[in-house]
Amino acid sequence: MKIQPIEPLLWHCNDPNTAIEAARRHATKAATNATIVFAAVLDNPESTAAELGEITELGHIETQRRLSDLTRKGKISKRPARKCSVKNTNMTTWIVVLEYKQRSF
């Protein structure tokens with residue numbers, strides 16, 4: 001299945017101009033990373049953000065940010081927490097929303 005790039009939400013309407021400028025500079029990379037994270041969730045359902053961060057080699061923080069983008073866009077969904085194999089703490093797990101799993105991009 002070919003996965004289309006996913007445009008992330010990078011700033012809020014009340015953010016200062018400096019934050020908006022920085023977000024615009026990061027936009028292409030964030031879209032690429034969101035696509036990478038989406039593919040990782042598709043291939044590794046019910047993984048935590050830290051586990052996905054290791055799988056994708058994007059790290060926990062960037063992966064968590066892209067998971068938030070994907071959730072706001074309705075492409076993935078939170079699942080019950082479980083003990084993370086990376087952080088050794090209870091963390092939310094993630095799955096691809098069924099309509100996006102079945103749809104051919």
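Biologist: Why does Arg 66 count as buried?

Modeller: In this predicted model, Arg 66 has a relative accessibility of 4%. The term buried applies under 20%, so Arg 66 counts as buried.

Biologist: How do you know that Glu 62 and Arg 66 form a salt bridge?

Modeller: The closest N and O atoms of Glu 62 and Arg 66 are 2.6 Å apart. A salt bridge requires a side-chain nitrogen of Lys or Arg within 4 Å of a carboxyl oxygen of Asp or Glu, so the pair qualifies.

Biologist: Why are Glu 62 and Arg 66 separated by about one helical turn?

Modeller: Both belong to helix α3, and they are separated by about one turn because they are four residues apart. An α-helix has 3.6 residues a turn, so residues three or four places apart point the same way.

Biologist: Is Glu 62 buried or exposed?

Modeller: Glu 62 has a relative accessibility of 13%. With the limit for buried at under 20%, Glu 62 therefore counts as buried.

Biologist: What makes Asp 69 a partner of Arg 66?

Modeller: The side chains of Asp 69 and Arg 66 meet at 2.8 Å, N to O, in a salt bridge. They lie three residues apart in helix α3, which means a separation of about one helical turn. Asp 69 has a relative accessible area of 2% and is therefore buried.

Biologist: How do you describe the exposure of Arg 72, and what is its salt-bridge distance to Asp 69?

Modeller: Arg 72 and Asp 69 form a salt bridge at 2.6 Å, N to O, and both lie in helix α3, three residues apart. The relative accessible area of Arg 72 is 47%.

Biologist: Why is helix α2 said to be largely enclosed by the rest of the structure?

Modeller: Helix α2 covers residues 49–56, and six of its eight residues are buried, so the helix is largely enclosed. The buried residues are Ala 49, Ala 50, Glu 51, Leu 52, Gly 53 and Thr 56. Their cover includes α1 (17–43), β1 (47–48), α3 (60–72), β2 (76–83) and β3 (90–96). Following α2 is Glu 57, whose phi is positive, near 65°.

Biologist: What makes up the protein chain as a whole, and in which order do its elements run?

Modeller: The protein chain has four helices and three strands, and from the N terminus on they run α-β-α-α-β-β-α. Of its 105 residues, 34% count as buried. Its accessible surface comes to about 6,400 Å², of which 49% belongs to carbon and sulfur atoms. Among the contacts with a separation of 6 or more, 59% come from residues 24 or more positions apart.

Biologist: In which order do the strands form the sheet, and why are two of them called edge strands?

Modeller: The three strands form an open sheet in the order β1-β3-β2, with antiparallel pairing. The edge strands are β1 and β2, because each pairs on one side only.

Biologist: How do you know that β2 and β3 pair?

Modeller: Six bridges join β2 to β3. Pairing needs at least two bridges, so these antiparallel strands pair. Helix α1 packs on the sheet, touching β2 and β3, and its direction makes about 95° with that of β3. As for residue partners in β3, Ser 77 has Ile 95, and Lys 83 stands opposite Asn 90.

Biologist: Where is Glu 46, and why does it count as partly exposed?

Modeller: Glu 46 lies in the loop between α1 and β1. It has a positive phi of about 65° although it is not a glycine.

How values were computed: Residues numbered from 1 in each chain as written. Predicted model: local features only at pLDDT ≥ 70, side-chain atom pairs only at ≥ 80, totals over all residues. Heavy atoms only, no water. Helix = DSSP H or I, 4+ residues; strand = E, 2+ residues; numbered from the N terminus. Buried < 20%, exposed > 50% of the residue type's maximum accessible area, 1.4 Å probe, protein only. Contact = heavy atoms within 4.5 Å. Areas by Shrake-Rupley, 256 points an atom, 1.4 Å probe, with all protein chains shown as cover. Axes fitted to C-alpha atoms, helices over the stretch in contact; angles between N-to-C directions.
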